[in-house]
Structures are given as structure tokens and as C-alpha cells.
Amino acid sequence: MFYLLKSFIQMKILLNNNDLNEALYSVQNLGFVPTMGSLHKGHISLIKKSLNDCNKTIVSIFINPKQFNNKNDYKNYPKNQKKDLLILKKLKVDLVFLPKQKHIFNSKRIDKIKINKKDKIMCARYRKGHFEGVIDVMDCFTKIINPQKIFMGEKDFQQFFLVKKYIEKKYDSKIISCKTVRNNNKLALSSRNMLLTNKELNIAEQIARNLIAIKKNLSYQKNIKKFLEIKKKKFNELFNVNIEYLELRKISNLKITNQIRGSKLFVAYYLNNVRLIDNF
Ligand code: AMP
């Protein structure tokens, strides 16, 4: 009955903080899914989890300029608001927040986000200022939305790891991780995949399938770090890509490890000008 009633209630679109405060007044058990739009099945899985676990769900669409360390990457980031809103309406999301930069980053803000030296690994090493920008926007969102739960994808594991550490220390909100959604050829869905040609898409799929096989067979290797260095070079030559890192790291603290148990294989690479990341 509740579900039936819910299907008749319209999705609210919130354009600024006043809209937000009004809509959130007396809402309890709120789930929040932050996105940068161009929604795909990966985002949809997070939203469905929130709809299932929480009384109300708010989805934000905001391409955060602070987390882009490259102007062209920001400029070229795919945008598809009309289609996104149709998807969200179909999913029966309660609230959609479409803020402008001035609503998120208050000029009076004094918090300066700093990443620990030991966390300056993988994407934090190669994308200067990226996670500072991500944590900054998540800090602002959490302060103004005050959700019970925030749903984030394992596909961006380092992001999930750093945001969880920062937000759960400062707020009552819990960060919930959600499994990576892949296409039939094992490539992790990503808004950036839209920027790839068919040929490039095919290469990315081959890389994903190869890395899954490599992860399965890692236990036969004595020196995993050395083995991955060799694989990295081979991939660069074979697929004409530029792998930034290919590393086995512990899930609990993201330290390099030689142990398969409790670890993930992390990769970041450029295919033409498009930067893709994944973990297995
Ligand atoms: P983005 O719009 O790329 O900032 O992503 C918004 C959220 O969706 C982040 O928490 C991502 O980790 C998550 N996400 C992106 N791609 C996937 C995927 N293929 N599977 C699951 N979650 C994803």
C-alpha cells in the first residue's frame, strides 16, 4: 500500500539550499546518493539500494569543478540532465538536488582539506588536489543534507575509503559501499565510457577481462610487485595505453601487499585522453 501511494507522489527537484531545507524538514532516515550525472546502471544500483534501505532518497547531480585537476577533463565531462531526470523519475526517487557551485561552497568556509602523506598513493599521487576536492564537496553536502546513509560505489574504492574515513569521523552519517556494476564484457560502467570510440571500448573490455584473469592467478606468483610491473609494460605495448599504476593493495588500509587474501588489484590508465580506473 505504501509503495502504491509512493508511486503517486512526484519527485521534487531542488535547485538551491532553501528548496533543500524546506524539503528535508522533519525527514528521517534519509539516504543520499551523490553523483556527477550521466547516470548509468552503476549509479542506478546505488539509488536502488538507498530506496530499499531508507525512508527517503535524495540524489545530487553536481559536476564538482574542485575535483578536476585538468581543465579539459572538466570541460569534456559528459552531461545529460534531461535523460538523468527521466531515469530518476522512473526510479521514483523522492528528491533530486541540482545545486550551483555557490550553493555548495559557501564563501565563509574555512575548512581546508588535507590528505595525509601516507594516503598520497594511486589516484591521490597522480591527480593532484583531486581527493581534496572530493572530500571538500562531500563535507559540504553532508553538512547541508545531514543524511543517515550515503551510498558510494566500490568502483572508486580509494574515493570511498578516504570519504568514509573523513565523514564518519566528523558526522553521524554512515558511508555504505556498493558493488561495481559491469557490462557483459566485464568493463566497469562509467560515465567516462561515453567518451570512448567502439574500438577503445573494446580495448577497455579486453583489459578488464585480462586483469580479472591476472587477479585469479596471482597466487602462483612469488614476487607480485615485480610481476605486476612486467604486466604493466606488456599492457602498455599490447593495447597502446598508458597505465599509471597496477598494484595489489590491502582493502583495510590500502597498503601494498603480497597477500591475495583481503586485497584488491587496482588499476588506472589512459586510453587516448580518457582516464579509466577499476579494481578487482
Ligand atoms: P560519479 O557520477 O562518477 O561521481 O559516481 C557517483 C557514484 O556512483 C560514486 O559513488 C561511484 O563510485 C558510483 N559508481 C560509478 N560507477 C559505478 C559502477 N560501475 N558500479 C557501481 N557504482 C558506481
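Trainee: Which residue is the bridge partner of S60 in β4?

Mentor: In β4, S60 is bridged to F97. This is a predicted model, in which local features need pLDDT of at least 70, side-chain atom pairs count only at pLDDT 80 or more, and totals for chains, interfaces and linings use all residues. Residues are numbered from 1 along each chain as its sequence is written, and side-chain values use heavy atoms, with hydrogens and water left out.

Trainee: What makes β3 and β4 a pair?

Mentor: Two strands pair if DSSP finds at least two bridges between them. β3 and β4 (residues 95-97) have 3 bridges, in the parallel sense, so they meet that definition. Strands are DSSP runs of E, at least two residues, and helices are runs of H or I, at least four, numbered from the N terminus.

Trainee: Why is β3 called mostly covered?

Mentor: Buried means under 20% relative accessible area, exposed over 50%, partly exposed in between, with a 1.4 Å probe and protein chains only. In β3 (residues 56-61), 5 of 6 residues are buried.

Trainee: How do you know how β2 is joined to β3?

Mentor: β2 (residues 30-35) and β3 share 6 bridges in the parallel sense, and P34 stands opposite S60.

Trainee: What is the order of the strands in the sheet?

Mentor: The order is β1-β4-β3-β2-β5-β6, an open sheet of 6 strands with parallel pairing. β1 (12-14) and β6 (174-178) each have a single partner strand, so one side of each is left without a neighbour in the sheet.
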